[in-house]
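Here are my notes on this model, point by point. Have it open while you read.

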Amino acid sequence: MASNPYNGKELPPMLMVDDVIVHMDIVTEYFCCDISKCQGRCCEEGDAGAPVTLDEVAYIENQLDRIWPEMSAQAQAVIDRQGVAYTDPEGELVTSIIGSCDCCFRGQKGCLLPKRPISCHLYPIREKKLGSLTGINYHRWDICKDAVALGKERNIRVYQFLKEPLIRRFGEEWYRELEVVAQELGLV
Ligand code: SF4
């Protein structure tokens, strides 16, 4: 695999932290959401819903009565027709959307769900199953360019900005291990 130049140092393109393959961009790139600039457009643009597990589908179904009055008529119609999730063309279970991209659970002030699906919480990190391993990548999207600028200004890397969802997904010990690897590489 090709190496990744960083501040004159040659870094490997991936890190192995426990059984998770971490793309190096997650520890070298800067990111800090700037919602005043982007208006949270990641919930309304794109080409599919957010990936969800079966447990998360059950959780969303349990929340429906409570959040229903706050949902738009269009979102209610989609859910009446197909439920809270569907299978996208790649065979992945994802949240229902209005039209081609707008999340059904997006309210006026952000997500209506008290606990967002982990794939939303982790964004711009995206997870992929690689056999028995899990791979995580940093997904670049033009609509997040202000988050990159703010991350640089505040000196916050992708993995630091996403500390809470990374701990939610992989645990505290795993996150500490990632921090140690980043320190050993001289990145922080
Ligand atoms: S992930 Fe991107 S679009 Fe979504 S809130 Fe953050 S900066 Fe905005």
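1. Start with the ligand: around it sit Cys33, Asp34, Ile35, Cys38, Gly40, Arg41, Cys42, Tyr123, Pro124, Ile143, Cys144 and Ala147. A residue counts as near a molecule or strand when its C-beta atom, placed from the backbone, is within 6 Å of it. By class, the shell comes to 9 nonpolar, 1 polar and 2 charged residues. The classes are Ala, Val, Leu, Ile, Met, Phe, Trp, Tyr, Cys and Pro as nonpolar, Asp, Glu, Lys and Arg as charged, and the others, Gly among them, as polar.

2. Before going further, keep in mind that this is a predicted model, where local features need pLDDT of at least 70, side-chain atom pairs count only at pLDDT 80 or more, and totals for chains, interfaces and linings use all residues. Numbering runs from 1 along each chain as its sequence is written.

3. Now the overall layout. The protein chain has 9 helices and 12 strands, both being DSSP runs numbered from the N terminus (helices H or I, at least four residues; strands E, at least two). Its radius of gyration is 18 Å, close to the 16 Å from the globule rule for 188 residues, so the chain is as compact as a globular protein of that length. That radius is taken over C-alpha atoms, and the rule is 2.2 Å times the number of residues to the power 0.38. The C-alpha trace spans about 55 × 40 × 30 Å along its principal axes.

4. On domains, the assignment gives domain 1 (1-31 + 124-188) and domain 2 (42-111), with bounds from an automatic or database domain assignment. Their centres, over C-alpha atoms, are 28 Å apart.

5. The sheet I'd look at is an open one of 4 strands, ordered 3-4-12-11, with mixed pairing. Strand 3 (14-17) and strand 11 (125-130) are the edges, each with a single partner strand, so one side of each has no neighbour in the sheet. From one strand to the next, the twist averages 25 degrees. Pairing here takes at least two DSSP bridges between two strands, and angles run from 0 to 180 degrees between N-to-C directions of lines fitted to C-alpha atoms, for helices over the stretch in contact.

6. Which way do strand 4 and strand 12 run? Strand 4 (residues 20-23) and strand 12 (residues 133-138) are parallel, joined by 3 bridges. Ile21 has Gly135 of strand 12 as its bridge partner. Helix 9 (residues 172-184) packs on the sheet against strand 3 and strand 4, at about 140 degrees to the direction of strand 3; contact means C-beta atoms, placed from the backbone, within 7 Å.

7. Finally, the hairpins. Strand 3 and strand 4 are antiparallel over 4 bridges, and Met14 is partnered with His23 in strand 4. Their hairpin has 2 residues between the strands, and Asp18 takes a positive phi near 55 degrees there. Strand 11 and strand 12 are antiparallel over 6 bridges, with Lys128 partnered with Gly135. Their hairpin also has 2 residues between the strands, with Gly131 at a positive phi near 65 degrees.

Definitions and conventions:
Contact = placed C-beta atoms within 7 Å.
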